[in-house]
Amino acid sequence: MILSREQALDIFRRRVSTRHYDPARKISAEDFAAILDFGRLSPSSVGAEPWKFLVIQNQGLREKIKPVAWGMQGAIAEASHLVILLAKKHARYDSPFFSELMSRRGFTPEQRAAALERYRSFQTHDIAIADNERALFDWASKQSYIALANMLTGAAMLGIDSCAVEGMDYAAVEHILVQAGLLDPAEYGVSVAATFGYRVRDIRPKPRRDAAETVVWAE
């Protein structure tokens with residue numbers, strides 16, 4: 001089924017950051033599996049997929065996160081689902097991570113050599129991040145935001161509300177996840193979080209800058 005232009009725009013207009021959810025309404029397992037697939041099937045730079053999605057349903061763990069996550073104080077207990085998106089660390093062109101990527105794609109030795117050179121040039125010259133661990137992590141984190149956006153928009157297509165969350169003490173959240181055995185800090189770091197559920201009340205339309213202020217055409 002292909003949506004009309006107006007149907008698609010209506011979904012974007014209805015999707016707003018939801019900070020208070022109806023705790024009595026839960027997302028079905030089938031719908032949430034689809035939301036996770038919206039993220040999993042998302043595009044990423046050089047097809048790296050440098051992400052993991054932690055689905056935090058344990059209420060005790062949510063309570064531990066709540067004091068250090070000011071951006072979801074009202075939502076963390078009410079939301080049907082909480083997802084913390086992780087980004088890969090050390091995602092350098094010559095890392096085991098990229099070697100596994102090429103194996104997953106079934107590259108021949110010749111294709112691997114060509115791809116490795118392309119990735120090397122991309123990371124060392126084009127975006128110049130290869131020798132900076134923070135820059136490498138930020139690059140991976142950017143990719144996770146593509147997955148995040150698709151999860152939020154895909155949820156809206158299913159009539160499910162959501163909110164992206166950066167408002168948290170990242171080091172404290174990572175410590176909690178490490179203690180819970182959910183995060184290997186040598187391999188991944190917290191990128192962003194998102195809550196999902198059903199709004200408990202109407203939310204005023206979101207203000208946005210006019211297209212004339214945000215779009216520049218070069219013709």
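In the predicted model, the axes of helix α2 (residues 29-40) and helix α6 (residues 133-157) come within 7 Å and cross at roughly 145 degrees. Axes are lines fitted to C-alpha atoms, for helices over the stretch in contact, with angles running from 0 to 180 degrees between N-to-C directions. Helices (H or I, at least four residues) and strands (E, at least two) are DSSP runs, numbered from the N terminus. The crossing of α2 and α6 is right-handed. Ile35, Leu36, Phe38 and Gly39 of α2 meet Ala147, Asn150, Met151, Gly154 and Ala155 of α6 (contact: heavy atoms within 4.5 Å). By class, six residues in this contact are nonpolar, three are polar and none is charged.

Strand β2 (residues 81-88) is mostly covered, with eight of its eight residues buried (under 20% relative accessible area, 1.4 Å probe, protein chains only). In a regular strand, side chains alternate between the two faces of the sheet. In β2, both faces are covered. His81, Val83, Leu85 and Ala87 lie on one side. Leu82, Ile84, Leu86 and Lys88 lie on the other.

Strand β2 has antiparallel partners in β1 and β4. Pairing requires at least two DSSP bridges between two strands. Five bridges join β1 (residues 51-55) to β2, and tryptophan 51 stands opposite alanine 87. Eight bridges join β2 to β4 (residues 188-197). There, the bridge partner of lysine 88 is tyrosine 188.

Residues are numbered from 1 along each chain as its sequence is written, and side-chain values use heavy atoms, without hydrogens and water. Local features need pLDDT of at least 70, side-chain atom pairs count only at pLDDT 80 or more, and totals for chains, interfaces and linings use all residues.

Definitions and conventions. Buried means under 20% relative accessible area, exposed over 50%, partly exposed in between (1.4 Å probe, protein chains only). A crossing is left-handed if the near helix is turned anticlockwise from the far one by less than a right angle, and right-handed if clockwise. Ala, Val, Leu, Ile, Met, Phe, Trp, Tyr, Cys and Pro count as nonpolar, Asp, Glu, Lys and Arg as charged, and the others, Gly among them, as polar.
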